[in-house]
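Open the model in your viewer and keep the selection panel at hand.

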Amino acid sequence: MSASEPSKSLKRSSIPGQAVLAKTFHWVNLISLVMMIASGLQIYNANPVFGGRAGWHFPKVLLLGGWLAGGRHWHFAMMWFFAINLLVYGLYIALTRRWQRRFVSSSDIQALQVGRNPKRKMYARHRLVYTAIIPVLLLAIATGLAMYKPAHLYWLSGLFGSWQTLRIVHFMTVPIVVLFTVVHSLLALKVGRFRLIKSMFS
Ligand code: HEM
C-alpha cells in the first residue's frame with residue numbers, strides 16, 4: 001500500500017454522499033433546462049416578446065434549433081424530459097419524505113428571523129431558495145402548456161388575460177431560473193465548499 005492511499009480514501013469519504021436518484025434528477029433537470037432555455041430563446045428570436053420583430057435578439061451562440069421550427073421541435077421534445085423528471089422527483093421526495101429535509105419549514109423561518117447561529121441561518125436560506133424555485137418551474141410548465149394547447153387548455157390560457165401576458169410570464173421564468181442557479185450554486189459553495197458541488201456531479 002502506498003503512503004498516499006489512506007489520505008486519498010479519507011478525502012473521498014469527506015465528500016457527502018448523494019442518493020443516485022437525487023443525482024439523476026439533478027443531471028436531467030440541468031441538461032433539459034439548458035436545452036429548454038436555448039430552444040426557447042430560438043423561438044423568442046423569431047418574434048421577440050418585447051418590441052416585436054424589430055426588438056432585441058439573442059446572440060446565435062445561446063440558441064438551439066437553427067430556426068423557428070427547429071427551436072420548437074427541440075423545445076417540445078425536451079419538455080417531456082423536463083416535466084416527467086420533475087414529476088418523478090416530486091413522487092420520490094414525497095414517498096421518501098425527503099421534502100422534510102429539503103424544503104423550508106417554520107423552524108427555518110424562525111431561524112432566519114431570530115436565530116443567532118450563522119450556519120443554521122445559511123441552511124435555512126438554502127432551503128428557502130430551493131423551495132421558491134418549485135412554483136417557478138411549475139409556472140413555466142403551466143404557461144408553456146397553455147401556449148402549446150391553447151384550444152384544449154383555454155381555461156388555463158384565459159387565466160393570463162392576453163397572449164402577450166402569457167408569453168411574458170413564460171419568458172420571465174428564464175431570468176428567474178438563471179438567477180436561482182447562480183444563488184443556489186453560491187449558497188452550496190458557502191455551505192459545503194467544492195465538496196458539496198462535487199457530491200452532485202461525481
Ligand atoms: C415543460 C413545459 C413547457 C412547455 C409545454 C413549453 C411550451 C412553450 C411554447 C408553446 C412556446 C411558444 C412556442 C411558439 O410560439 O411557437 C414556448 C416558448 C418559450 N419557452 Fe417554453 N415551454 C415549457 C417550459 C419552458 C422552460 C422550463 C423554459 C425555461 C425556463 C422555457 C422557455 C421558453 C422561452 C424563452 C420561450 C420563448 C418565449 C416566446 O417567445 O414566447 N419553456 N414554450
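## Ligand shell and domains

Start with the ligand: the shell around it draws at least three residues from each of domain 1 (19–79) and domain 2 (103–202), with domain bounds that come from an automatic or database domain assignment. This is a predicted model, in which local features need pLDDT of at least 70 and side-chain atom pairs count only at pLDDT 80 or more, while totals for chains, interfaces and linings use all residues. For your selections, residues are numbered from 1 along each chain as its sequence is written.

Select the 24 residues around the ligand, among which Gly-40, Tyr-44, Met-79, Gly-144 and Met-147 come nearest. A residue counts as near if its C-beta atom, placed from the backbone, lies within 6 Å of the molecule. Colour the shell by class and you get 17 nonpolar, five polar and two charged residues. In this scheme Ala, Val, Leu, Ile, Met, Phe, Trp, Tyr, Cys and Pro are nonpolar, Asp, Glu, Lys and Arg are charged, and the others, Gly among them, are polar.

Which helices supply at least two residues of the shell each? They are α2 (20–46), α3 (68–95), α6 (118–148) and α8 (163–201). Helices here are DSSP runs (H or I, at least four residues; strands are E, at least two), numbered from the N terminus.

## Between the domains

Eight residues of domain 1 are in contact with seven residues of domain 2, a contact being two C-beta atoms, placed from the backbone, within 7 Å. On the side of domain 1 that touches domain 2, α2 gives the most, with six residues. That side divides into five nonpolar, two polar and one charged residue.

## Along α2

Now select α2. Its 27 residues reach 39 Å from the first C-alpha to the last, close to the 39 Å expected at 1.5 Å a residue; the expected span is 1.5 Å times one less than the number of residues. Buried residues of α2 include Ser-32, Leu-33, Met-36, Ile-37, Gly-40 and Tyr-44. Buried means 20 or more other C-beta atoms within 10 Å of the residue's own, exposed means 12 or fewer, and partly exposed lies in between, with C-beta atoms placed from the backbone.

## Along α3 and past its end

Move to α3, which has 28 residues and reaches 40 Å from its first C-alpha to its last, close to the 40 Å expected. Where are its buried residues? Select Gly-71, Trp-74, His-75, Met-78 and Phe-82; these buried residues pack against α2. An α-helix has 3.6 residues a turn, so residues three or four places apart point the same way.

Stay at Met-78, where α3 bends by about 25 degrees. The bend is the angle between axes fitted to the seven residues ending there and the seven starting there.

Just after α3, select Arg-97, which takes a positive phi of about 60 degrees although Arg-97 is not a glycine. Most residues other than glycine have a negative phi. Arg-97 sits in the loop between α3 and α4 (99–102). Is Arg-97 buried or exposed? Arg-97 is exposed, with 9 other C-beta atoms within 10 Å.

## The whole chain

Finally, zoom out. The protein chain has eight helices and zero strands, and its C-alpha trace spans about 65 × 45 × 35 Å along the principal axes. Of its 202 residues, 15% count as buried.
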